[in-house]
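Let's walk through a protein model together, one question at a time. Have the sequence and the 3D view ready.

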Amino acid sequence: MSLLSPSRRHRADVTGQTARESRGLARSVRLFRLFLAEQSDPERFYGSLAEDTAQQVAEYCELRGRTVVDVGGGGGWFTTAFRALGANCYLFEPDHNELHSRKTTPAGAVIADGYWLPVRDGAADVVFSSNVLEHVRDPMGLIEEMIRATRPGGLVYLAYTNWYSPWGGHEMSPWHYLGPGFAERRYIKRYQRKPKNQYGVSLFPLHIGPVLRALQARTDIEVVAARPRYYPRWCGFLVRLPGLREVVTWNLMLILRRSG
């Protein structure tokens, strides 16, 4: 027998349903609709994505009062979202133009290279990067540095767009399936300018299988979660399907825990 009154029980049911929807298909549909507005309304898209991502991290650890390092966080959307949840978040961004791409830049943001974070060993409770790995020449080197900055028991959050996903070529997608050279030529012909992300310069092919195998072989971390970032939680099985996962995942989310 429930101890809640009918009205309170109804509110609890609605709250539970809302929470389930926020993690389920309704969330995926909402994110996809926002994604369509990335170019026309980037502030809305990245602000909403940052809030969603901070909530993802909050499912794995308490954020209030914790130290979060945002690696390559651009204009600071993610830093703002983490701070809204009570975290002490510090933004390190290597590109001056990206850091100052918005009207306001989060206080305390620093121009810094993700390979050499100005953070002492084990200083952070959470070290975070969103869609950075595919833009660096040495993704495992960046991961190494993120692990170094994480305290034992702390978390590393990684999310990146894998090359064979529908958005692997970023603004050149889906023509990257026909080769990066073709995709870039087509983009230039259509828009009369070079794409923001140039293959081999600021965009590199990154895959799921090799990254997972490299991380699972390490003894200083535990892979807590590996699943498609934007899909419902039950779609996590896709990451366990070699070959298919490279195409259907779209964007991989990894939660790593630093070992003691």
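Q: Which residue in strand 7 does tyrosine 160 stand opposite?

A: Before we start, two notes on the ground rules. This is a predicted model, where local features need pLDDT of at least 70, side-chain atom pairs count only at pLDDT 80 or more, and totals for chains, interfaces and linings use all residues. Residues are numbered from 1 along each chain as its sequence is written, and side-chain values use heavy atoms, with hydrogens and water left out. Strands here are DSSP runs (E, at least two residues), helices are runs of H or I with at least four, and both are numbered from the N terminus; the residue in strand 7 that stands opposite tyrosine 160 is leucine 252.

Q: How many bridges join strand 5 to strand 7?

A: Strands of a sheet pair through backbone hydrogen bonds, either parallel or antiparallel. To count as paired, two strands need at least two DSSP bridges between them. Strand 5 and strand 7 run antiparallel, and the number of bridges joining them is 6.

Q: Which residue of strand 7 stands opposite alanine 226?

A: Strand 7 also pairs with strand 6, again antiparallel, through 7 bridges. Look along that pairing for alanine 226, and across from it you'll find leucine 254.

Q: In what order do the 7 strands line up in the sheet?

A: The sheet is open and its pairing is mixed. Its edge strands, each pairing on one side only, are strand 3 (110-111) and strand 6. Reading across, the order is 3-2-1-4-5-7-6.

Q: What is the bridge partner of valine 68 in strand 2?

A: Strand 1 and strand 2 give you a parallel pair, held over 5 bridges. In strand 2, the partner of valine 68 is cysteine 89.

Q: How many of the 7 residues of strand 7 are buried?

A: Buried means under 20% relative accessible area, exposed means over 50%, and partly exposed is in between (1.4 Å probe, protein chains only). By that rule strand 7 is mostly covered, and its count of buried residues is 5.

Q: Which residues have the most contacts inside the largest nonpolar core?

A: A nonpolar core is a set of buried Ala, Val, Leu, Ile, Met, Phe, Trp, Tyr and Cys residues joined through side-chain atoms within 4.5 Å. The largest one has 29 residues. Strand 1 (67-71), strand 4, helix 6 (139-148), strand 5, helix 8 (208-216) and strand 7 each supply at least two residues of this core. The residues with the most contacts inside it are Leu158, Tyr160 and Leu254.

Q: Which helices do the buried residues of helix 3 pack against?

A: Helix 3 (residues 42-58) has 17 residues, and its buried ones include Phe45, Leu49 and Val57. They pack against several strands, among them strand 4 (124-130) and strand 7 (252-258). The helices they pack against are helix 2 (25-35) and helix 4 (77-84).

Q: Is glutamate 145 buried or exposed?

A: You'll find glutamate 145 in helix 6. Contact means heavy atoms within 4.5 Å, and beyond its neighbours within four places in sequence, glutamate 145 is in contact with Gly114, Tyr115, Trp116 and Leu117. Its relative accessibility is 10%, so glutamate 145 counts as buried.

Q: What is the phi of tryptophan 250?

A: Tryptophan 250 sits in the loop between helix 9 (244-248) and strand 7. At 18% relative accessibility, it counts as buried. Its phi is positive although it is not a glycine, at about 75°.

Q: Is glutamine 192 buried or exposed?

A: Glutamine 192 belongs to the loop between helix 7 and helix 8. Its phi is near 60°, a positive value in a residue other than glycine. With 64% relative accessibility, glutamine 192 counts as exposed.

Q: Which two residues does a cis peptide bond join?

A: Head for the loop between strand 5 and helix 7, where proline 174 lies. The omega of the bond is about 0°. The two residues joined by this cis peptide bond are serine 173 and proline 174.

Definitions and conventions:
Expected span 1.5 Å × (residues − 1).
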